[in-house]
Structures are given as structure tokens and as C-alpha cells.
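Here is a short report on the structure shown below. Headings mark the topics.

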Amino acid sequence: MSVDSVPANREFAKQIGITFPLLSDFKRTVVKDYGVFNEEQGFGNRATFLIDKEGIIRHIDEGNVAIDPSTVVEACNVLQRKKTSQ
Amino acid sequence: MYRRSLISLLLLAVLSVVVLAQQTPPVKTHLKVGDTAPDFTLRATDGKTYKLSDFKGKKNVVLAIYVLAFTGG
């Protein structure tokens, strides 16, 4: 998800060969709700949120640490393991 | 004299660091692990509209916010 328009994200996805859909928060409401809106620059700062099936946030990566997806992947695995052990 | 310039230089260095730090304030989210994720409804590149609460009871969701399209990540 980014604050780019749908057509901009579509072109971006085409250029880098992304097959999954990209969400567009053009009105900046979601980045504000999630507390990552950079007012000075007008975009959402880099962040990754893992939200479980109940809608609860289970993991947050903010800033440059969010470039590397391995921590959120590990958090996903933990969530999966919890599910299977229940 | 030498000592005075050294102190001034040091002071300048400290001030620069303070000013630089203020120029790029890290935006920290108010959300915490354990909080309910704010619901959203957004349009996507596939033409569909996705609502977070539609996944409730069905799937875990990873919401990855990237800075801007056509940039490094």
C-alpha cells in the first residue's frame, strides 16, 4: 500500500513485475489512522503491520527495518505455529 | 585561542547534530502490538476494493506501506 494513485501503482507494478494487487491510499486516511503519515513530505513512512484473523496487530516494523521482510515473515510463522498448536 | 576555537567547533558540531535530528523527525506510530488494527477500505491495482474487516476470521493480513511508487522500495 502507498499513497500513490491506482494508475501510478498499476504502472509501478507493471515495471517491477508485481503480480499481487497494490492498494492505493490516495486520500492519506489510512496512513494517518496507522500513525505513519509524514506531513512534511505528504506520504506514508515505510512500515509493515501484521494483523491477525481477529484484527489485532501482532507485529510492527517501522522505518528502514521494514525494508527487510524477514522479521515479519518470522512473525507470520509464529502466528501459524500458534494456530496449529491450539 | 586554540582552545576557544576547539570549543566553538565542538559546540557547532553538537548543534548541527541537534538541528539535523530535528529536521528529520522519525514519525512513530501510536499503534502498538495488541491494538485493534484500524479498518480501511482501499482500491487496488486489480480494480477491486479491499476492506480489512472482510478478512476477519478468515486470514492474517500483512499491511506493507511503501513510501512511493517508482522508488527503491
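## Model and numbering

This is a predicted model: local features need pLDDT of at least 70, side-chain atom pairs count only at pLDDT 80 or more, and totals for chains, interfaces and linings use all residues. Residues are numbered from 1 along each chain as its sequence is written, and chains are lettered from A, with ligands numbered from 1, in the order in which they are written.

## Chain A

Chain A has three helices and five strands. These are DSSP runs numbered from the N terminus: helices are H or I with at least four residues, strands E with at least two. The order from the N terminus is α-β-α-β-β-β-β-α.

Two domains divide the chain: domain 1 (1-45) and domain 2 (46-86). The bounds come from an automatic or database domain assignment. Their C-alpha centres lie 20 Å apart. The C-alpha atoms of chain A fill a box of roughly 45 × 30 × 25 Å along the principal axes.

## Contact with chain B

In chain B, 37 residues are in contact with 45 residues of chain A. Contact requires C-beta atoms, placed from the backbone, within 7 Å. On the chain B side, strand 1 (41-44) and strand 3 (61-65) each supply at least two residues. Strand 3 of chain B gives the largest share, five residues.

Strand 3 of chain B also pairs with strand 4 (residues 47-51) of chain A, antiparallel, over five bridges. Pairing needs at least two DSSP bridges between the strands. A:Leu50 stands opposite B:Val62 in strand 3 of chain B.

Definitions and conventions:
Two residues are in contact if their C-beta atoms, placed from the backbone, lie within 7 Å.
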